[in-house]
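Please read the following report alongside the sequence and the structure. It takes up the aromatic rings, then the nonpolar core, and then a sheet.

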Amino acid sequence: MKKKFNKKLLAVGAMVLGLATITGTALATYVITGGTKEGSTDAINPTDVSVVNKVVNLEVGLPDSTLLFQPLTAVNSGRLQTEEDGDLTVTVKLSVTASNVDYINDVAIAYSATGTAVDDGYVTYPTKTNVTKTEFKLNEGTKKYEVDLNLDFGWGTKFGGNDPCTYFNENGAGSNIPLTTGEETVPGQSVESIMNAFTDSINGTAFTITFTMA
């Protein structure tokens with residue numbers, strides 16, 4: 001983002017969800033069924049036991065892009081502006097190998113972060129925490145059940161649930177906050193100071209998304 005009063009740009013860092021930030025685990029499931037000697041005290045002959053392999057292999061693709069915490073549509077007027085559209089959505093492909101969609105268990109999604117951007121109230125985690133089997137569709141080409149998940153991060157309480165431009169510009173809750181550090185009547189309470197703290201918090205945070213199949 002840039003501050004109109006200053007010709008310099010105040011860059012808001014892009015969060016990169018890289019190789020180490022996506023983890024996936026899956027538990028194999030075997031079901032033993034039947035046996036013609038059910039109820040008998042005789043030793044069960046192996047031919048009387050049917051073993052059905054319902055193993056589901058969960059594959060988690062790499063995220064499609066970086067996160068850029070700016071307004072979704074570039075803001076080119078007002079006290080606080082952006083040079084490009086923001087991007088608060090990460091798309092991740094899940095693929096499973098199963099003989100039938102009914103063998104797919106729910107996939108739990110958990111979010112964590114190293115850094116303080118969430119605790120500081122700048123951003124929020126996506127609200128989606130579960131993927132059901134009905135969301136997976138068979139890809140005839142790969143013969144796998146797949147789903148593209150759009151996981152949307154949001155704005156936290158620091159800017160009233162809005163992006164910084166909405167908060168600081170005309171009619172926003174922070175529209176009366178002084179623009180520069182030189183205009184501050186309370187230390188740290190200017191658009192410049194707050195945006196610098198925002199940038200430091202975002203740039204100091206890395207997110208992890210964990211998928212676990214029950």
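Predicted model: local features only at pLDDT ≥ 70, side-chain atom pairs only at ≥ 80, totals over all residues.

## Aromatic pairs, core and sheet

Tyr 122 belongs to the loop between strand S10 (107-114) and strand S11 (123-124), while Phe 159 belongs to the loop between strand S15 (154-155) and helix H1 (164-168), so the pair ties together parts that are 37 residues apart in sequence.

A second pair joins Tyr 167 and Phe 168, with 5.0 Å from centre to centre and 80° between the planes, and this pair is edge-to-face. The members of these two pairs are buried, as the table sets out with the relative accessible area of each residue.

| Residue | Relative accessible area | Class |
|---|---|---|
| Tyr 122 | 6% | buried |
| Phe 159 | 1% | buried |
| Tyr 167 | 17% | buried |
| Phe 168 | 0% | buried |

Turning to the nonpolar core, which residues have the most contacts inside the largest one? They are Phe 69, Leu 94, Phe 136, Phe 168 and Phe 211, and this core has 41 residues. At least two residues of the core come from each of strand S9 (89-97), S10, strand S14 (144-152), H1, helix H2 (191-203) and strand S16 (206-213). Of the elements, H2 gives the most to the core, with five residues.

S9 and S14, both of which supply residues to that core, also belong to an open sheet of four strands, which are arranged in the order S6-S9-S14-S13 with antiparallel pairing. At its edges are strand S6 (57-60) and strand S13 (137-139), each of which pairs on one side only, and from one strand to the next the twist averages 35°. Within the sheet, S9 and S14 run antiparallel and are joined by eight bridges, and Thr 89 stands opposite Asp 152 in S14.

Key. Residues numbered from 1 in each chain as written. Heavy atoms only, no water. Buried < 20%, exposed > 50% of the residue type's maximum accessible area, 1.4 Å probe, protein only. Phe/Tyr/Trp six-rings, centres within 6.5 Å; stacked < 30°, edge-to-face > 60°. Core = buried A, V, L, I, M, F, W, Y, C linked by side-chain atoms within 4.5 Å. Pairing = 2+ DSSP bridges. Axes fitted to C-alpha atoms, helices over the stretch in contact; angles between N-to-C directions.
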